[in-house]
Amino acid sequence: MRARTSLVLAALLALLLVPVSHALLPHASQSAKRHAAKGGKLRAPSLQSPRNGASVQALPTFAWAAVSKATTYQFQLSADKRFASVIQSFIHKGSIETPNTAATVDKAVPNGTYYWRVRAVSTSNSSGPWSSARKLVKAWTSAPQLVEPIGSATQVPVFKWASVPYAVKYQLTVATDPSFANQVLGTDTSPVTTQGTAYTPSVPLDSGVTYYWEVTPIDAAGHKGTHSQPAWFTYAWPTGTTAEVTDLNADPRVFDPLFSWTAVPGAARYEVEVNSAEGFPLGSKWCCTGTTIGTSLAPTKALANNRYYWRVRALDAKGNAGVWNEGPSFTKAFDSVTPSIPELTVNAAETSTPIVTWNPVPGASLYQVQLAPYRPLGCDWSQVGKNPALYQAETATTAWTPLGTAVGGSGNHIGPPAWPRAQNAPRLPSGF
């Protein structure tokens with residue numbers, strides 16, 4: 001009895017030690033088949049480049065070794081280890097799908113730490129396991145190298161700097177303090193940007209002020225890189241010019257001044273002053289009001305006969321004035337030649353209807369005619385002052401003839417009367 005019991009126990013123990021067949025476990029067999037169908041035959045790709053922990057200025061090309069029986073590959077780049085923040089770029093279900101063994105990301109990403117991995121996909125659209133993730137540090141640290149102006153006085157503020165790889169544009173910051181708190185070009189919300197590596201400001205700077213400037217690169221996605229080391233300069237606006245005056249009329253009887261000067265770089269307009277005193281006192285200013293955008297100016301009103309001094313200065317777009325530049329002095333004298341009236345003639349020496357004519361004088365708008373009685377010692381011009389209404393007249397033409405004015409109201413006339421005197425008509429008999 002004891003021996004039979006031992007045999008039964010041994011049989012039971014042998015039964016318990018027999019390996020369980022997959023046939024006896026249908027659920028386990030189906031799970032294994034599904035695992036094979038999901039890619040159990042595909043191995044994880046072997047990552048090649050970039051190396052784990054690599055630091056790059058911009059995202060590189062990601063490469064891996066080919067996997068047997070793989071038709072495509074799925075690539076993922078994420079901002080976290082768990083790949084919950086996959087970089088979306090031509091993404092299908094969170095991955096870049098490519099038949100090649102390399103992939104690139106077509107969008108710029110900000111500086112930071114990233115992780116990437118790859119898995120193979122078969123013709124039946126079953127995928128293999130993911131490769132182990134690699135770490136990548138994106139650190140775009142290239143800063144622009146400033147070229148000019150640096151540490152000196154400049155006359156024309158053109159900012160220049162060297163280009164930076166992966167930058168599509170640059171932000172220029174100019175301020176009057178080294179901390180860039182008081183910006184003069186652009187603002188924090190509306191900065192000055194340019195795609196080139198040089199910039200000429202459209203707003204004039206103040207002469208004699210020290211400025212500080214720096215440049216920050218910007219990539220295609222708008223991410224800012226490392227700004228340059230700040231530089232400083234002092235802006236000096238050269239406003240000196242060569243001034244001259246010319247006569248617009250070649251006739252010596254008249255002087256029409258034209259003031260001209262060489263252009264001043266950065267000038268928006270010019271101010272001209274003409275003065276009859278050499279020291280340019282305010283009470284002796286003759287011309288001119290307002291400003292001009294050209295480099296020449298002719299007075300709109302005739303100047304009186306005098307000696308004149310003149311000067312010009314440039315104004316920038318903000319209204320800042322440059323230095324005064326004096327031009328050569330000149331004398332304005334009207335008709336100071338002999339004879340003052342050219343070709344003065346009268347139709348006859350003795351006539352009852354004298355007609356006086358002369359040639360025009362350039363610049364004259366009116367002519368003054370004076371007459372005087374002829375005495376044994378010559379013309380008595382004193383009579384003009386005694387009776388100017390009789391012996392003096394004005395005309396805008398180049399000819400004059402007396403109008404029959406009576407001398408002293410006596411009824412006597414210079415020349416014949418304009419009309420014969422009225423006669424008394426005879427009386428007619430009654431009945432007519």
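Student: Gladly starting with a strand: which residue is the bridge partner of F259 in β22?

Tutor: That is L297. Keep in mind that this is a predicted model, where local features need pLDDT of at least 70, side-chain atom pairs count only at pLDDT 80 or more, and totals for chains, interfaces and linings use all residues. Residues are numbered from 1 along each chain as its sequence is written, and side-chain values use heavy atoms, leaving out hydrogens and water.

Student: What makes β19 and β22 a pair?

Tutor: Strands (DSSP runs of E, at least two residues, numbered from the N terminus) pair if DSSP finds at least two bridges between them. Two bridges join β19 to β22 (residues 296-297), so the pair qualifies, and the two run antiparallel.

Student: And how is β18 paired with β19?

Tutor: In the antiparallel sense, over five bridges. One of the contacts links A243 to W261 in β19.

Student: Why are C287 and C288 called a disulfide?

Tutor: A disulfide is a pair of cysteine sulfur atoms within 2.5 Å. Theirs are 1.5 Å apart, so the label applies. The structure holds one disulfide.

Student: Why is the disulfide of C287 and C288 right-handed?

Tutor: Because the torsion about the S-S bond is about 80°.

Student: Is C287 buried or exposed, and how do you know?

Tutor: Buried means under 20% relative accessible area, exposed over 50%, and partly exposed in between (1.4 Å probe, protein chains only). C287 has 11% relative accessibility, so it counts as buried. C288 is buried with 11%, while C379, at 40%, counts as partly exposed.

How values were computed
Helices (H or I, at least four residues) and strands (E, at least two) are DSSP runs, numbered from the N terminus.
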